[in-house]
Amino acid sequence: MTTTPDLDDRRPLAVPSPRSIRRYTRAAANRHGDTSIGALLSDVYSAILMAAIGLGTAIGVATTLRDSLPKVPARPHEGLLLPLTTLAALVVLALAGTALSLAARLGPVGVGAAEARWWLSLPVRRRGLLRPAAWRLPATAALVGGPVVLVLVLFAQEGMTGSAAVSTLLGGIIGAVAIVVLAGVAQTLGVDRRVTARVGDVLLGLVPVLGLAAALGARDLSVGLNPSVAVLVLLVVVAAVGGVLLDVRLERIPVRELRDSGSVATQAAGAVVSLDSRELGRALADRMTRVRRRRSIRFGWVSSPARALLTADAVLWWRSPRHVVQVVAAAAVPALVAAVSRLDTPFALATAYLVAGYVAMLATAEGPRRAEMAPIIDRLLPIGAREVRRLRLVVPGVLMGLWTLAVLGPIGWSNGDPAGWLALAVAATPVWAGAAIRSAYRPSPDWSGPLAATPMGALPTGVGSVLVRGPDVVLLGMVPVLISIGIGQVTQTLIVVQAVCALIAVAVGSRVKGFSLLDMAAEDPRTGATKPGGTGSTKSGARSGTTSGR
Amino acid sequence: MPSDVVIRARSLSVGYGGEPVCAPVTFTVRAGEALALVGANGSGKSTILRAILGLLEPSGGELSVLGRPVDEREAVFRAEVSSVLDDDAYFPALTVAEHLLLTARGHGVDDAAGLAEELLAEFGLSSHANVLPVSLSSGQRRRLLLAAGFARPRRLLVLDEPEQRLDQQMRSALAERLRAERAAGGSVLLATHDPVLLEAVASRAVLVGDEQSVLMSPADAARAIGAETLGDDGDAARTETADGAPATGGAASGGTTRVKGASTPASKAAPQGGSGKRRRRP
């Protein structure tokens, strides 16, 4: 048996370099892999080509959209005017907050299970082993951040010069890198990832506040969209110093932290690849919850199974600050869009209402989403499946009711008919609740269906039929509200039609057996049975005794 | 002259989110000794092992490994402490042999290929040397993990229920391996539910429980496991301290603990082995 030097004298070990460990692992893997160099180059070529086409298309759409906007305000304002560039600056701030929050939730430095088991137990400098993992996320941020900021500023600014575009692109790239690198430095310093993510959430929450403040004060916040050389140099310095600190301190990240981050990243990547937004939400949220609370709630008001279910959903939402921020911030978006001079069009307002409402709606359905995966409370309580669904409408209904009142109320006020618009808001609320439940209880995507050509490549149609569950109810059920926004007034007929839409949405959302009309697309016409993973899929139904069926 | 104390734990408390999972434990492991942690499922054995390996921050007490505070971020710690937990993770494109070679070469073993070959034969994996771990059975993957634990120099070997998924023949071979480890001056800390392995390998045992964690002889611990009397509160072994009071807060290695009526000085119950210069076992 081989003997090795004694460690008692604390002599440096004759261990290989981290780079050679990585190289050995990669070489061994390549020997067993069946990917040729040609295939690899082909993939790289395709990726670059797709990215270039995507960027070009986005720039074209942004500039065309900007040119199609009215040059003067569509309607006279009373002091509430913001230039388009201020909106762009606020969106950049929101992107920065999102990037920081996301980086903290993903680590940003982490390793997979195999690397943790077989690499991190070696007595080599971990810095060399972790370096590629540490720079993966900043590189991704640079690749995404630069083009996104450029497209955004191109949409907001007319007559942008080439040098301004370059400085914007560089600012986006370096800024994105700096944000992720600083999150990494915080990780090496042992800062709780929840704190870092909370800072990002606060930045996100600041966006509507700043926007409304700018609108009321008629201030232009569009500073830094075309960063000067001095600003760029400052950003480079921040990113470089942060990068060096991160690299030097990689050694100080405990293996449990690295493994935790790697686990989140793996789960999130799997969710993205499988287009499962619920799984992505769980991946990014699960490890952010405080494991210990100062005291437990006594639940004195819980006197029935129904109240227990409602309380569970409400507490789950309240204890997730990100979801609270998401609902509140989304409520300010339509008002913000209405305050931008060139965006104050019915189309822009209706789009803002739908998009912001959908974002808020997703944040209110955390309880149903988790119950779909693990119906723990559902199984404990003696409530039927249909009643469970109906009860689950309550929390999204209450929250989206407040949200809708906050959004449509000011519109009604500015149109001189607050009562009508508030009535419309009340009638529209159940649509959001029904869509939230339908979205939360949707089955897993069916990947076995026929392929359809899309700009993103070929997608199985079964995936699309599942992904539209939720948005379909919103689009169809909100037609009266959209018409009201379009014509700028509310009629009794529209309110009645909206109430009927609400009833249908509630029926669709609380449906647990058989099929609704909207589910027909997923039904197999030959057998009458549902496609695997489609409507009526037993995936979650098998897990849930009380909420089975679709 | 360096101390031969490999692990020193005093009132070591472990848990999650500030909640302890078991009573504090106190024990010392010296060179050439093997200490077994026994207890019911969920009693906290694996959590103690994770704290000793630096994978979990202790919530209280004192802990040192090889004379230093535990810090798995230090390369020298990883060079001296080998561990096999229940982390069934492998590089998907590396063969069984390559996993062992990676470990051996990464630890600076001169004849990594020779050592890997020996371990493959010893753990019954020779015929699977060139296959990917995904094609192995659950027991074979466990053997690979154990082989990797021996494929590198070490002064302390930490094993979490190493008998899991092993057939009887392999359990016997493992017991023999661990006895040899002790004889050569190496130290072993293991959590186990196997009374045979416990008696064959351990020099002392700690019964981990909710209310008390008690140091005892391997024979008594094995009897406790065999009789399935490991209650949740850890009192099924009817253990008490020398003064007749119920043993609480763990038993110091230097103290005296009476188990089932037998009074055994703990220091004597832990036979000293591995005198002289410690040699890292490949």
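**Notes on the predicted model: cores, a sheet and a helix in chain B**

1. Start with B:I52. If you skip the neighbours within four places in sequence, B:I52 still touches B:I7, B:L63, B:V65, B:V70, B:V158 and B:L189. Bear in mind that this is a predicted model.

2. B:I52 also turns up in the largest nonpolar core, a set of 200 residues, where it sits with A:I179 and B:A147 among those with the most contacts inside the core. Which helix gives the most to this core? That would be α5 of chain A (residues 126–156), which puts in 16 residues. As general background, nonpolar side chains in soluble globular proteins tend to be buried together.

3. α1 of chain B covers residues 45–52 and is mostly covered, with eight of its eight residues buried. After α1(B) comes B:G54, with a positive phi near 80 degrees.

4. Now the sheet in chain B. It is open, has four strands in the order β4-β1-β6-β7, and pairs antiparallel. At the edges are β4 (25–30) and β7 (68–69), each pairing on one side only.

5. Look at how β1(B) and β4(B) meet. β1 spans residues 5–13, and five bridges join it to β4(B), with the two running antiparallel. Where does B:V5 find its bridge partner in β4(B)? At B:R30.

Note on methods. Residues are numbered from 1 along each chain as its sequence is written. Chains are lettered from A and ligands numbered from 1 in the order in which they are written. This is a predicted model: local features need pLDDT of at least 70, side-chain atom pairs count only at pLDDT 80 or more; totals for chains, interfaces and linings use all residues. A nonpolar core is a set of buried Ala, Val, Leu, Ile, Met, Phe, Trp, Tyr and Cys residues joined through C-beta atoms within 7 Å. A residue is buried if 20 or more other C-beta atoms lie within 10 Å of its own, exposed if 12 or fewer, and partly exposed in between; C-beta atoms are placed from the backbone. Two residues are in contact if their C-beta atoms, placed from the backbone, lie within 7 Å. Two strands pair if DSSP finds at least two bridges between them.
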